[in-house]
Amino acid sequence: MTSRRTRERMVARLRQQGISNNQVLQVMAQIPRHVFVDEALESRAYEDTALPIGHNQTISQPYIVAKMTELLLERGPLDKVLEIGTGCGYQTAVLAKLVGQLYTVERIAPLMKKARDLLWELDIKTVGFKHSDGGWGWPEHAPFDGILAAAAPVEIPEALLQQLAPGGVMVIPVGPEGWQELHRITRTANGFEDEVLERVSFVPFLSGIS
Ligand code: SAH
């Protein structure tokens, strides 16, 4: 149920769903997704579904992790990347294997701590973690070549737009609960290009920490 073969079946399904970036697929075939969920849910970890991770939050479904990562990397490799909403750390682990330097911000302290410990156990030791409201970004490390958010704001926080490097790409769900769309924002020489990609369903982007 939790073997390499199960992961390969997940990857085959992702291909059928239209994911074509081989690097992304390879990394998802490697990373044990079941260790990011509660033991009781382990056998469901490779289903194409979101699962609870406590604190009213969910691990994103494999398709959406793959899709967002592919969209982020579509125009070439990225050096410095910011992730908002570490959650259980699965998307963090995937990104860490594909970008130069990854920073991740989570507003719920126990989730952040658990993800940090888990990544360390998986020998992923280069990620910068911060317990903070991601609406502020991470100004000390800005600008970023890529930003990926795993929670949906109603409007994109201005700080995140400002912390995007010229040519940088942000993949973010936007909209109220029940009506969210995935956006890819690219910072251009004279502003921002906004592509609206598909309907999605994410937990809300909340302000403050807990
Ligand atoms: N990719 C993660 C998704 C977790 S759900 C995973 O697969 O586990 C989204 C996460 O975003 C939650 O953990 C939630 O606490 C966090 N979040 C929501 N609003 C936030 C904010 N303003 N700053 C930082 N994290 C936030």
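**Close-up views of a predicted model**

β2 gives the shell around the ligand its largest share, 3 residues. This is a predicted model, with residues numbered from 1 along each chain as its sequence is written. Local features need pLDDT of at least 70, side-chain atom pairs count only at pLDDT 80 or more, totals for chains, interfaces and linings use all residues, and side-chain values use heavy atoms, with hydrogens and water left out.

**View 1. The shell around the ligand.** The ligand is surrounded by 25 residues. Each has a heavy atom within 4 Å of the ligand. The closest are Cys88, Glu106, Asp133, Gly134 and Leu206. Two strands, β2 (57–59) and β4 (101–106), each supply at least two residues of this shell. Strands are DSSP runs of E, at least two residues long; helices are runs of H or I, at least four; both are numbered from the N terminus. By class, the shell has 13 nonpolar, 9 polar and 3 charged residues. Here Ala, Val, Leu, Ile, Met, Phe, Trp, Tyr, Cys and Pro count as nonpolar, Asp, Glu, Lys and Arg as charged, and the others, Gly among them, as polar.

View 2. A polar contact here is a pair of N or O atoms within 3.5 Å. A backbone N or O atom of Gly134 lies 2.7 Å from a ligand nitrogen atom. Asp133 places a polar side-chain atom 2.9 Å from a nitrogen atom of the ligand. Ser60 has a backbone N or O atom 3.2 Å from a ligand oxygen atom. Taken alone, the ligand exposes 570 Å², and the protein buries 99% of that (Shrake-Rupley method, 1.4 Å probe).

**View 3. An aromatic pair.** The whole structure holds 3 aromatic pairs, with ring centres within 6.5 Å. In one of them, the rings of Phe36 and Tyr90 have centres 5.5 Å apart and planes at 75°, so the pair is edge-to-face (over 60 degrees). Phe36 lies in the loop between α2 (22–30) and β1 (51–54), and Tyr90 in helix α4 (residues 90–96), so the pair ties together parts 54 residues apart in sequence.

**View 4. Two backbone features.** Most residues other than glycine have a negative phi, and most peptide bonds are trans. His55, not a glycine, has a positive phi of about 55°. His55 sits in the loop between β1 and β2. The peptide bond from Ala142 to Pro143 is cis, with omega near 0°. Pro143 belongs to the loop between β5 (128–131) and β6 (144–149).

Conventions
A polar contact is a pair of N or O atoms within 3.5 Å; within protein, one must be able to donate a hydrogen and the other to accept it, and residues adjacent in sequence count only if both atoms are side-chain atoms. Rings of Phe, Tyr and Trp (its six-membered ring) pair if their centres lie within 6.5 Å; planes under 30 degrees apart count as stacked, over 60 as edge-to-face and the rest as tilted.
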